[in-house]
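Me: I have a structure open and want to go through it piece by piece. Can you take my questions as they come?
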Amino acid sequence: MTTLPPWAERPSRVGALLKGLLLTLITVGVLFPIYMVALTSLSTQEAVTEAGGLVTVPSGLSFAAYQELFAGGVVTRSVLVSLGVTLVGTAISLTVTVLAAYGLSRPGSLLHRPMLFLVLLTFLFGPGMIPNYLLVSSLGLIDTYWSLILPGAVTAFNLVVMRAFFMNIPDEVTDSARIDGANEFRILRTIVLPMSKGVTAVIGLFYAVGYWNSFFNAVLYLNDNAKWPLQVVLRQYVLQGQSLIVGQSGVGTLPGQSLPPSLAIQMAIVVVALLPVLFVYPFVQRHFTKGVIIGAIKG
Amino acid sequence: MTSRRGFLGLVGLSAAAVAGGGLLAACSAPSGPRPGGGGATAAAADKLTSLTPTYTAFPGVKPDLPGTVSTLPGVPDVSGGFTSYPAAPTAALTQKAGKGGTYKAMTPLWGPPPPGLASNSYFQAVNADIGATVEFQITDGNVYGDKAIARLAAGDIPEIMVIPSWEIDKMADFNTAVDKAFEDLTPYLQGDKVAPYPLLANLPTAAWQWSVWNNKLMAVPFPTEPYPFALLYRKDLFDAGGWNANPKTADELFQLGKEITDPKAKRWAFGSIHEVMWPTFRIPQDWRYEGGKLVHKYETPEFELMLEFMRKVFAEELVHPNVAGSKGANEKDLIGAGQILVYRDGLGGWKELLQQHRGKNPDFSLGAFPLFAHDGGTPIMYHNTAAGIFTFVKKGLPKEQVEEILAILNWCAAPFGTKEYELSNFGVEDKHFTRGANGIPETNDLGRKEVAYTYGFLGGRPLYVDWPYPDAVKLNVEWQNAGFPFIEKGPFDGIRIQRPSKYSGLQVPTEDKFTDIMRGRRPVSDAKQIVTEWRRDGGDEARDFYLKVLRDNGRA
């Protein structure tokens, strides 16, 4: 009879039960808040008041919060803006990051050390808000969508991660391509990128989430509120949580009108902001784990 | 200085309704009363008087509940109240305000953004009435200061720029910036020169005094109400329960709390009340000047008495556990649900609650406890500074444009009861609102979508209590008038002071420590230690600064 190492032994019933319990607890711990958020967004004010906060037991469901959110056309428009900025921004960011990372990963590139140094420098020193604003304004980007994309188009962290990944691709592979007559662009396109799907997907996700969540740049650089992306518009709702038109002077209030549930609206906002990431994530997740694991083994 | 929450409460724009409240708490000091802000050094009100426009009351509207005209330097008036909506609002201005110019205006907003000018019939209608195009650059009210600072630094100034006082407090070099960025309005508005702008002349002088920087009239002020807060209570439940809504001492308040609190019935007497207990224990609003020395409120013996009292209140569990346990409880929800019966809020919170609950529960009503002192003696009450928000005009515009902008601000200053006010607040009749019972405008779907509080921020107007609840208006104005004689006269009244930022920064951490005492997490004897830390960390420095202000103004 062979003795198994401890990790290969069949778990005891108690052990399996405990493990199962723990995993269930963790899963519930993750899912329950999302459940509460979603449920609260669908609840009436009575249900929210009754619960004294986030609703856990369904009572009185209503779509009032979502109706209120999408009634004005402002939210719908901002969703389009956010989608556009996310798509264009991610495309630009990925392109620039891949090209820069590849260039910086080739030891022979012109000035690659000073350039890498400059990139790494931004880890240590970030310009303040006002210098940034001055730059954006002197480039004439104020009140343009480019102000949401260009200032943060390349993140040093992503660039460094990608460069490290490229450097791990064995020289033999690229050398053989070079012998076959491929130039650097071709090597990048046909050899390096296909081997780096994982890291590209992950970094693409980082960028996309960044653009989707971009808030402060929009507040700073966009004066025309028709150009606002989703996060800025949604935050305006969270700030007040109830239609300001009613709240502003009191005279305009209909005594019989029930205000939309403020907490419900806020939670509806969370749901709206969450959905796209929730949808995209499962597709990228495969690469996400793979990318991380490959990196780990290669060391 | 009026705090943001306090101020928004006044104009009924309370952002404090946000559940959690953490967002706000992170950005602003607690809405405790604060001394005047703005100027780098201090300037006494009497020296400012020559700069301000001559006050001329606008004869067009008269509140049916008169207020109190303030004779105290720097203290806002009680503007009075309206118990009904005017049957036929009349136009305040006979001529078009604008001359067809186009101006960009940056304003804060704490709420859902409206569609832009091109697709917003409300903006178009108001602009048509004004006779000029105002194009709003709306910015998230909570990060408004960040954007304002960036634009000021970059010299990227819109023609009209609104800056709330609590944001100005955070700007270290505003005194320099204000000269570089904004037009000096003294030549246009000083004394009788205000005559072409009768509605600006209708703004209280105290508010104008707060618009002076570097001895120049720099902005059009948004006046405030005198009181930062009151103890509000559920009048309907008090009437039903037969409780005493007029406690005369701290002990009576405590007894009342014990009578009301019944955790089994999910009913607690209090939300947070300690800020109102400060004046109740005659703790000075900030400093007390006695015997040639300045004593800070934390250092007074009264402050310790207050701590002991609040400790008793918490120990007896008279405060709702959600309020006592965390900072995040939404007290408006709790009082609305009848889970607490008494809490501290700005008077604007009163209206907000009525709006939320009168519809479903016609009996729902609130009141404010008459002022009382802890020992049954003469009470004191704190006051706001006279202006909460300022509207600036970009520097270097041609004279005609400055005049046109001032004419637009004059239009925006039209008070409750005028056609202009109605248009700016509700839009166009039968398009954005319909007239309901008692002639009160009722916003419809288009109104809800398009009308946003924007023109309202461009300068201010007398702050009448104009709620559609006559019973509450009456109680409110009576309470305000009754309290006016008790407004504390402080050593700095009427002096505009730039609050040292170190001193401001001390407030929250220090008061958090005092909260620990109130909640029984630290012994009362630690209060001395906390005061010592406060003095070490900047309190003494602030004392020297304030003493110098008194000396400079010949008051010490």
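Reply: Fine. Keep in mind that this is a predicted model. A place to begin is F270(B), whose bridge partner in strand 12 of chain B is V342(B).

Me: Ok, and how do strand 9 and strand 12 of chain B pair, parallel or antiparallel?
Reply: Parallel, and over two bridges; strand 12 of chain B covers residues 340–345.

Me: Which sheet is that part of, and what's the strand order?
Reply: An open sheet of four strands in chain B, with the order 9-12-8-13 and mixed pairing.

Me: Which strands stand at the edges there?
Reply: Strand 9 (268–270) and strand 13 (366–368) of chain B. Each has a single partner strand, so one side of each has no neighbour in the sheet. From one strand to the next, the twist averages 25 degrees.

Me: What about the sheet of five strands in chain B, what order does that have?
Reply: The order is 3-2-4-14-7, in an open sheet, and the pairing is again mixed. The edges are taken by strand 3 and strand 7 (219–223) of chain B; each has a single partner strand, so one side of each is left without a neighbour in the sheet. Ignoring direction, neighbouring strands of this sheet are turned by 25 degrees against each other on average.

Me: How many bridges join it to strand 2 of chain B?
Reply: Eight, with strand 2 (residues 102–109) and strand 3 of chain B running parallel. Among the pairs, A105(B) stands opposite F136(B), and L109(B) has D140(B) as its bridge partner.

Me: Switching to single residues. Where is A250(B), and is it buried or exposed?
Reply: A250(B) is in helix 11 of chain B, residues 250–260. It counts as buried because it has 23 C-beta neighbours inside 10 Å, and the cut-off for buried is 20 or more.

Me: What is it in contact with, leaving aside neighbours within four places in sequence?
Reply: A250(B) is in contact with T280(B), F309(B) and H374(B). As for M310(B), 60 residues away from A250(B) in sequence, the C-alpha to C-alpha distance is 9.9 Å.

Me: Now P194(A). Buried or exposed, and why?
Reply: Exposed, because P194(A) has 9 C-beta neighbours inside 10 Å, and 12 or fewer counts as exposed. P194(A) is in helix 10 of chain A, residues 184–195. T174(A) is 20 residues from P194(A) in sequence and 13 Å from it in space, C-alpha to C-alpha.

Me: Which domains does chain A have?
Reply: Domain 1 (15–62) and domain 2 (66–245 + 260–298), according to the domain assignment. Their C-alpha centres lie 32 Å apart.

Me: How many residues does the contact take from each?
Reply: Eight from domain 1 of chain A and seven from domain 2 of chain A. On the domain 1 side, helix 1 (13–41) and helix 2 (45–51) of chain A each supply at least two residues. Helix 1 of chain A gives the most, with four residues. By class, that side of domain 1 of chain A has three nonpolar, five polar and no charged residues.

Me: And how is chain B divided?
Reply: Into domain 1 (47–227 + 388–486) and domain 2 (230–381 + 500–552). The centres of the two domains of chain B, taken over C-alpha atoms, are separated by 31 Å.

Me: How many residues are in contact there, and what's the class make-up on the domain 1 side?
Reply: 14 residues of domain 1 of chain B are in contact with 17 residues of domain 2 of chain B. The domain 1 side has nine nonpolar, two polar and three charged residues.

Technical notes:
Residues numbered from 1 in each chain as written. Chains lettered and ligands numbered in written order. Predicted model: local features only at pLDDT ≥ 70, side-chain atom pairs only at ≥ 80, totals over all residues. Contact = placed C-beta atoms within 7 Å. Pairing = 2+ DSSP bridges. Domains from an automatic or database assignment. Nonpolar A, V, L, I, M, F, W, Y, C, P; charged D, E, K, R; others polar. Axes fitted to C-alpha atoms, helices over the stretch in contact; angles between N-to-C directions.
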